[in-house]
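Visitor: I have a structure to look at and some questions about it. Could we go through them one at a time?

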Amino acid sequence: MIMNISKNFVIQELIPPDLYDYIGDNLNRFYRYIDPRLVELLQEIREHFKKPMTVNTWHYGGSFNYRGWRPFDYYKDSPNRSNLRVSQHQMGRAVDFTVKGLDSDDVRSELLIMNDKGKFKHLGALEDSVSWVHADIRHRPNGEVLLFQP
């Protein structure tokens, strides 16, 4: 079954298949893993660009499983062991995506420009210099979106 969590997104787009097997279409369980502000941000971005976005694709045969929530052992073999404790993905506050037909650098630039104009109030950080867009909703004590390197 496909259950929408917003106008343009379904549960499966933000969680991997093994977690979906556990929670199914139970929204109460889903929101134990995904911060609702992340869903709001994704929908706001989708409406701004007026184009489809790709997050997880496993639910229709694609290869993306972990572009939303990630389990705590996801980074166990990573050379950057600090990810084991600080990944916004593990806290349900980050997502990696692409916008159909748009370059990820252009998407990041537009998000920053529009954030400066008061849009995307939940946007906390963007990862720079990658071929996708990483957006998260971490706290911004100074009100500025953090732009970080991989």
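This is a predicted model: local features need pLDDT of at least 70, side-chain atom pairs count only at pLDDT 80 or more; totals for chains, interfaces and linings use all residues.

Guide: In it, a salt bridge joins the side chains of D128 and R108, at 3.7 Å from N to O.

Visitor: How many residues apart in sequence are the parts that D128 and R108 tie together?
Guide: D128 lies in the loop between β3 (125–127) and β4, while R108 is in helix α5. The pair therefore ties together parts of the chain whose separation in sequence is 20 residues.

Visitor: Is D128 buried or partly exposed?
Guide: Buried means under 20% relative accessible area. The relative accessible area of D128 is 21%, so D128 counts as partly exposed.

Visitor: And R108, buried or exposed?
Guide: The cut-off for buried is under 20%. R108 has a relative accessible area of 2%, so R108 is buried.

Visitor: Which residues are linked with R108 in a network of salt bridges?
Guide: R108 has a salt bridge with D128. The network that holds R108 is made up of salt bridges, and its other members are D105 and D128.

Visitor: How many salt bridges does the count come to?
Guide: A salt bridge needs a side-chain nitrogen of Lys or Arg within 4 Å of a carboxyl oxygen of Asp or Glu. D128 and R108 meet this at 3.7 Å. By this rule the count is five.

Visitor: Which residue forms a salt bridge with R70, and how many residues apart are the two?
Guide: The closest N and O atoms of R70 and D96 are 2.9 Å apart, which makes the pair a salt bridge. R70 is in the loop between β1 (53–54) and α4 (83–86), and its partner is in strand β2. The pair links distant parts of the chain: the partner is D96, and the separation is 26 residues.

Visitor: Are R70 and D96 buried or exposed?
Guide: R70 has a relative accessibility of 9%. For D96 the relative accessible area is 6%. Both values are under 20%, so R70 and D96 are buried.

Visitor: In the salt bridge between R138 and D136, which residue is buried?
Guide: The side chains of these two meet at 2.7 Å, N to O. R138 is at 25% relative accessibility, so R138 is partly exposed. At 0%, the buried residue is D136.

Visitor: With which side chain does D25 make a polar contact?
Guide: D25 sits in the loop between α1 and α2 (27–33). D25 is buried yet has no salt bridge, and the nearest side chain of opposite charge, R29, is 11 Å away. At 2.9 Å, D25 does make a polar contact through its side chain, and the partner is the side chain of Y20.

Visitor: Where is R46, and is R46 buried or exposed?
Guide: R46 is in helix α3, residues 36–49. Beyond residues up to four places away in sequence, R46 touches N8, F9, K51, P52 and M53. The relative accessible area of R46 is 19%, and the cut-off is under 20%, so R46 counts as buried.

Notes. Residues are numbered from 1 along each chain as its sequence is written. Side-chain values use heavy atoms; hydrogens and water are left out. Helices (H or I, at least four residues) and strands (E, at least two) are DSSP runs, numbered from the N terminus. Buried means under 20% relative accessible area, exposed over 50%, partly exposed in between (1.4 Å probe, protein chains only). Contact means heavy atoms within 4.5 Å. Lys and Arg count as positive and Asp and Glu as negative; His and the chain ends are not counted. A polar contact is a pair of N or O atoms within 3.5 Å; within protein, one must be able to donate a hydrogen and the other to accept it, and residues adjacent in sequence count only if both atoms are side-chain atoms.
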